[in-house]
Amino acid sequence: MSLVRIDDLSIDYRRAGKTIRAVNELTFSVEEGSIVGLVGESGSGKSTLALSLMGLLPRNGSVTGGSILFEGREMQGLSEDDWRTVRGHDMGMVFQGAMNSLNPVKRVRDQVAETVRTHEPELGKDGSIDRSHELLNLVGIPSDRHEAYPHEWSGGMRQRGGIALALSGRPNFLIADEPVTALDVIVQARILRLLEDLQEALGLTILFITHDLGVVARLCDRVVVMYAAQAVEEGTVEEIFQSPKHPYTKALLGSVPNFAKGRGKSHGISGSPPSLINPPQGCRFHPRCPDAMDICTREDPYQTTFSSSQRAMCHLYDRQEADDAE
Ligand code: ATP
Ligand code: SF4
């Protein structure tokens, strides 16, 4: 069952009299209990989507089309009061900078207890402190460190603290936006293990946003690949890593040594992502695509379905779809 269903979603920013379409007609679902990875280069719209899911778009950003259903409920048009209940209680978010979001002049235990109290005032002071200890234990902070100040913790511990804060309202959906990017490799691996453990122990559903395919391969069940505000391919981790269809997905994989096929040598993707103020006509990837054809410069590709779980948006497969339909 889908916990989150994003349907034909478009999000625009207005800046200096111009419109930036940061998310364009995006459709995908997050099944209950799964971990979905959202990948793509910088500027592809991943964080904008995450902010919209939490009702946290900045003032100059707005949803201009489509819908977001959470547990079957439409999120567009919720009042700020409703959002406050949804945020933290239904959904929690861990940011890349979450480790720096702790208040430096307050003991971590008290900060977590305060957030717990906003969600469960009935717990009272002592109850929320007990719950804070419980949460800090859950994210692997030794009890004798709970009462320290954030600067007395390492980066990895502070990121765990950020996760404890995100879990303080007992959400069943967690959005993790580049949560391990600023950490060294060993700490990264520990935080990923923690997220896996939490997902299992609490039955969480996670949307994991990253540009790191290694992390996706390790953690996720499904992958959505974004390019220039659009979802260009979607599939299970096996499908995306073993049998990618979209040239951009292939290029992304080719840019990581562990996943590069053929000569076993990784190579970056030539060129840069387009401006979202005036994206290229036709397929947005055509200026960088090694397989580009004439039609790609003129016509938007439409979606081809390869299995019940894999689909991609590319003219290379127009013929295949036609053949399949015969
Ligand atoms: P990154 O990995 O660098 O965070 P991203 O894939 O998360 O990138 P977004 O941050 O969502 O991408 O940005 C998508 C587009 O929206 C980019 O072109 C970006 O410049 C633009 N954008 C983001 N925030 C704003 C804003 N507040 N005002 C105007 N444009 C914005
Ligand atoms: Fe490349 Fe054309 Fe496919 Fe776009 S539609 S990814 S340009 S082959």
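1. Start with the lining of the largest cavity: by class, this lining has 9 nonpolar, 2 polar and 1 charged residues. The residues that line the cavity are His246, Pro247, Cys283, Phe285, Cys289, Asp291, Met293, Cys296, Pro301, Cys314, His315 and Leu316. Bear in mind that this is a predicted model.

2. How many cavities of 30 Å³ or more does the count come to? The count comes to 1. The volume of the largest cavity is about 70 Å³, and its space is the one taken by ligand 2.

3. Now for the ligand's own shell. Around ligand 2 you'll find His246, Pro247, Cys283, Phe285, His286, Cys289, Asp291, Ala292, Cys296, Cys314, His315 and Leu316. Split by class, the shell comes out as 8 nonpolar, 3 polar and 1 charged.

4. On to the domains. The chain is divided in two, with domain 1 made up of 2–90 + 171–186 + 201–273 and domain 2 covering 100–170. Between the C-alpha centres of domain 1 and domain 2 there are 27 Å.

5. What do domain 1 and domain 2 bury between them? About 710 Å², with 67% of that on carbon and sulfur atoms. As for contacts, 10 residues of domain 1 touch 9 residues of domain 2, taking heavy atoms within 4.5 Å as the cut-off.

Methods. Residues are numbered from 1 along each chain as its sequence is written. Chains are lettered from A and ligands numbered from 1 in the order in which they are written. This is a predicted model: local features need pLDDT of at least 70, side-chain atom pairs count only at pLDDT 80 or more; totals for chains, interfaces and linings use all residues. Side-chain values use heavy atoms; hydrogens and water are left out. A residue is near a molecule or strand if one of its heavy atoms lies within 4 Å of it. On a 1 Å grid over the protein atoms alone, a cavity is a set of points where a 1.4 Å probe fits but cannot get out, and a pocket is an open set with protein on both sides within 12 Å along at least five of seven lines; lining residues have an atom within 4 Å of a point. A molecule sits in a cavity or pocket if more than half of its atoms lie within 2 Å of its grid points. Ala, Val, Leu, Ile, Met, Phe, Trp, Tyr, Cys and Pro count as nonpolar, Asp, Glu, Lys and Arg as charged, and the others, Gly among them, as polar. Grid points are joined across faces, edges and corners, and a volume is the space filled by probe spheres set on the points. Domain bounds come from an automatic or database domain assignment. Buried area is the accessible area (1.4 Å probe) that two parts lose on being put together, summed over both.
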